[in-house]
Amino acid sequence: MSDKPKKIGDLGEFGLIRYLTDDIKITRPTTVKGIGDDAAVLDYADRQVLVSSDMLVEGVHFDLTYMPLKHLGYKAAVVNFSDIYAMNGTAEQLVIDLAVSNRFTLEAVDEFYTGVKLAAERYGVDIVGGDTTSSVRGMIISGTAVGGVEKGKAVYRDGAKPNELIVVTGDLGAAYLGLQILRREKEVFMVNPQHQPDLTPYTYIVERQLKPEARKDVVEWLKKYDIHPTAMIDISDGLSSEIIHICEASGYGAQIYEDKIPIALETEEAAKEFNLNPLIAALNGGEDYELLFTIKQSDYDKIKDVPGFSIIGHITEDKGAFLITNAGEKLELKAQGWNAFLDRRREEEKNKEAKNKKEK
């Protein structure tokens with residue numbers, strides 16, 4: 001038996017699809033027909049259907065120098081589920097499209113798909129279709145999640161009203177600091193390929209970057225305790241950007257408080273290494289995939305003592321989103337979250353600098 005890596009071209013497009021999807025089982029009653037025909041067939045009866053898509057491009061959204069393919073597959077699925085939960089819905093189906101260059105072996109693509117399947121299994125989502133094709137350079141992933149929500153229960157960004165409370169789940173800034181650690185180790189490796197990084201002290205924040213989780217549990221909790229958010233969004237581009245999205249959509253403003261923003265100890269410790277204020281990472285880092293939502297003041301008693309929920313501010317009549325610092329300063333929030341176009345340029349500049357150092 002040969003240990004030589006198998007070429008994707010030996011299977012062909014349809015053979016590859018069969019290879020990757022033969023073991024997929026359908027579990028959702030809303031899935032009438034999954035993979036194996038020209039289109040999936042879904043039946044949501046009297047519920048409303050939610051659809052969200054997300055693209056990940058190698059060199060822009062991920063770097064395979066430090067992103068394991070299994071983790072990438074998991075993340076590609078989860079970031080789509082997160083958008084469905086941000087609408088107060090349940091993710092139920094996933095379509096995943098993949099384009100790869102000829103540098104990827106069959107084993108590599110299989111590893112990626114293993115991560116996708118693991119995420120689908122854990123979140124109770126059916127993989128119902130997708131496409132595979134070739135790429136001139138690198139890997140391109142497109143995921144589309146489909147979900148359902150009871151009529152009248154969908155939560156939009158535009159429902160916030162003055163004096164309502166602003167709530168955030170989990171902690172913020174960890175994914176951004178995890179990315180900084182990975183990028184730092186990559187730069188060291190490019191200068192010294194013998195370098196073996198020890199990421200043990202950074203396990204939590206690195207995992208938040210490489211293998212995020214969507215907050216399905218929050219949606220289930222809100223339903224259990226009869227709390228209907230007035231506006232909601234997932235935190236993919238940073239807390240500041242997401243609050244501004246809600247304010248602009250709702251037509252009002254917001255005030256949040258520095259001492260109320262949840263930041264993990266591991267995030268604070270890593271921030272010190274980069275001489276970075278952890279609050280900046282929490283406000284502008286992105287990729288935390290926590291949920292940010294607003295609730296009526298009458299729901300305060302239901303939520304005030306819930307572990308992992310932080311009330312960080314309130315909606316204001318006057319427009320504009322502001323941070324009230326511990327010193328009592330009122331600072332306007334800016335949408336400085338992750339920008340694919342700017343971030344790509346910065347990364348290219350860093351790689352060029354590292355390469356020049358290595359050559360010297």
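1. Contacts along the chain. Of the contacts between residues at least 6 apart in sequence, 86% join residues at least 24 apart. The model is predicted. The protein has 360 residues, and buried residues make up 48% of them. Its secondary structure consists of 11 helices and 14 strands.

2. E58, a residue in a loop. E58 belongs to the loop between strand 3 (48–57) and helix 2. Its relative accessibility is 21%, and E58 therefore counts as partly exposed; the cut-off for buried is under 20%. Leaving aside residues up to four places away in sequence, E58 touches L64, R103, F104, G138 and M139. With R103, the side chain of E58 makes a side-chain to side-chain polar contact of 2.4 Å. With M139, the side chain of E58 reaches the backbone nitrogen at 2.8 Å. E58 and M139 are 81 residues apart along the chain, yet their C-alpha atoms are separated by 5.3 Å.

3. At 23% relative accessibility, V60 counts as partly exposed. V60 and I140 are 80 residues apart in sequence, and their C-alpha atoms are 9.9 Å apart in space.

4. E92, a buried charged side chain. E92 is part of strand 4 (residues 90–100). Its relative accessibility is 3%, so E92 counts as buried. The side chain of E92 is joined to that of R47 by a polar contact of 2.7 Å. Not counting residues up to four places away in sequence, E92 touches R28, T30, Y44, R47, G124, V125, D126, V146, G147 and G148.

5. Aromatic pairs: F81 and Y123. The structure contains 6 aromatic pairs. In one of them, the ring centres of F81 and Y123 are 5.5 Å apart and the planes stand at 50°, so the pair is tilted. This pair connects distant parts of the chain, with F81 in helix 2 (residues 69–85) and Y123 in helix 3 (residues 106–123), 42 residues apart. Both F81 and Y123 are buried.

6. Aromatic pairs: F293 and F309. These two rings form an edge-to-face pair, 6.0 Å centre to centre, with 75° between the planes. F293 is in strand 11 (residues 291–295) and F309 in strand 12 (residues 309–316), so the pair ties together parts 16 residues apart in sequence. F293 has a relative accessible area of 0% and is buried. F309, with a relative accessible area of 11%, is buried too. Both residues belong to a cluster, in which ring pairs link W221, Y225, F293 and F309.

7. Lysines over rings. The charged end of K211 sits over the ring of Y74, 4.5 Å from the ring centre. K330 lies over the face of F322, at 4.7 Å from the centre of that ring.

8. Helix 6 and its two sides. Helix 6 covers residues 216–224, and its buried residues include W221, which is also a member of the aromatic cluster. Viewed down the helix axis, the buried residues fall within an arc of 160°, so they line one face of helix 6. As background, an α-helix has 3.6 residues a turn, so residues three or four places apart point the same way. The face of helix 6 turned away from the buried side carries the exposed residues K223 and K224. The buried residues of helix 6 pack against helix 2, strand 8 (165–169), strand 11, helix 10 (300–303) and strand 12. Strand 11 and strand 12 are the strands that hold F293 and F309. After helix 6 comes D226, with a positive phi near 55°.

9. Helix 4. This helix has 18 residues (174–191) and reaches 26 Å from its first C-alpha to its last, close to the 26 Å expected at 1.5 Å a residue. Which residues of helix 4 are buried? They are A174, A175, L177, G178, L179, Q180, I181, L182, R183, E185 and K186.

Technical notes
Residues numbered from 1 in each chain as written. Predicted model: local features only at pLDDT ≥ 70, side-chain atom pairs only at ≥ 80, totals over all residues. Heavy atoms only, no water. Helix = DSSP H or I, 4+ residues; strand = E, 2+ residues; numbered from the N terminus. Expected span 1.5 Å × (residues − 1). Buried < 20%, exposed > 50% of the residue type's maximum accessible area, 1.4 Å probe, protein only. Phe/Tyr/Trp six-rings, centres within 6.5 Å; stacked < 30°, edge-to-face > 60°. Lys NZ or Arg CZ within 6 Å of the ring centre and 35° of its normal. Contact = heavy atoms within 4.5 Å. Polar contact = N/O pair within 3.5 Å; in protein donor to acceptor, adjacent residues only side chain to side chain. Arc of directions from axis to C-beta.
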